[in-house]
Amino acid sequence: IYRNDKEVVAETVRELPARVTLNVGYPLGSYGKLEGTYRLSYSNYRKGEETASDFRIPSDHLEQRLGLELQFARSGYRLRFDGGYHRRSTWEPWGYPGNPEYDPEAKDYLTWEGSLSKNWYFAEFRKLGLEVDYLGGSDLDRFSKYGFGFFGGNRVHGYQIGKVRAEEAWAAHLSGGLEIGKAFRLEAIGDVAWATDAASGLDRELLAGVGLTGSFIGPWETLVNLDLGVPVAGPDDGFTIYIVFLKLFR
């Protein structure tokens, strides 16, 4: 995790999550949709190689989430609101003794998000997209705040999941590229976020990254997804690469 623009390796925590999700949707006219979500997840925590001996990692636990999402899409515009209630099965003290970031009330917490996006389609399979997001919540802590990595829902390309956390953020995403049906897609993406988190010393901290994503049909009828990212502003550095092979069996 980063605090005051420095990586705190003595507080490194490794997490191995497992999740199962059930979604139920209902159309609202021709352009809207209401969706309910139930998610059950399990988190297993371990110390890293450099974690301090007196730093206590969180307790392994189950977590349930009940979510409600409302979407409206028309003429390339999409407006989305999402809220979730989360409840952990247990939440014991973590961190150094007397850690002020630990709060037993954080066993239950709320998250809410809103986004507005617009896609433009041009000749020769070209596409341009713009999205603006707001993220917030209540009773959030280090392990429930918003992350900005690949496995989070609020991406800043190049950032690794969990290193930068925020209790509130505004974000914008610009993408442009080629899209030929489901057979080939290539996009260049720019992400920016203004993150606020009192515990980490972030006050509308600028996070920015650029990336390249694509998908194409690979050998043996596989679908190959490729994602490259590099941070260009903020505390993270380095780069990220994700390659996913998907195969459908009939």
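A nonpolar core is a set of buried Ala, Val, Leu, Ile, Met, Phe, Trp, Tyr and Cys residues joined through side-chain atoms within 4.5 Å; buried means under 20% relative accessible area, exposed over 50%, and partly exposed in between (1.4 Å probe, protein chains only). The model is predicted: local features need pLDDT of at least 70 and side-chain atom pairs count only at pLDDT 80 or more, while totals for chains, interfaces and linings use all residues. Residues are numbered from 1 along each chain as its sequence is written, and side-chain values use heavy atoms, with hydrogens and water left out.

**View 1. The largest nonpolar core has 16 residues.** Phe148, Val156, Tyr159, Val164, Ala193, Ala195 and Leu207 touch the most other members. At least two residues of this core come from each of strands S9 (168-180), S10 (184-197) and S11 (202-217); strands are DSSP runs (E, at least two residues), numbered from the N terminus. Beyond its neighbours within four places in sequence, valine 156 is in contact (heavy atoms within 4.5 Å) with Phe148, Asp191, Ala193, Leu207, Ala208 and Gly209.

**View 2. Strand S9 pairs with S8 and with S10.** Two strands pair if DSSP finds at least two bridges between them. Strand S8 (residues 126-138) and S9 are antiparallel over ten bridges, and glutamate 131 has histidine 173 in S9 as its bridge partner. S9 and S10 also run antiparallel, joined by 13 bridges; here alanine 169 stands opposite alanine 195 in S10.

**View 3. Arginine 88 forms salt bridges with glutamate 63 and aspartate 141.** A salt bridge is a side-chain nitrogen of Lys or Arg within 4 Å of a carboxyl oxygen of Asp or Glu. The N to O distance is 3.9 Å to glutamate 63. That pair links strand S6, which holds arginine 88, to strand S5, which holds glutamate 63, 25 residues apart. For aspartate 141, the closest N and O atoms are 3.1 Å apart; this residue lies in the loop between S8 and S9, 53 residues from arginine 88. Arginine 88 is buried at 1% relative accessibility, as are glutamate 63 at 8% and aspartate 141 at 3%.

**View 4. Lysine 247 and glutamate 221 form a salt bridge.** Their closest N and O atoms are 4.0 Å apart. Lysine 247 is in the segment after strand S13 (240-246), and glutamate 221 in the loop between S11 and strand S12 (223-233). Lysine 247 is partly exposed at 34% relative accessibility, whereas glutamate 221 is exposed at 68%.

Notes. Helices (H or I, at least four residues) and strands (E, at least two) are DSSP runs, numbered from the N terminus.
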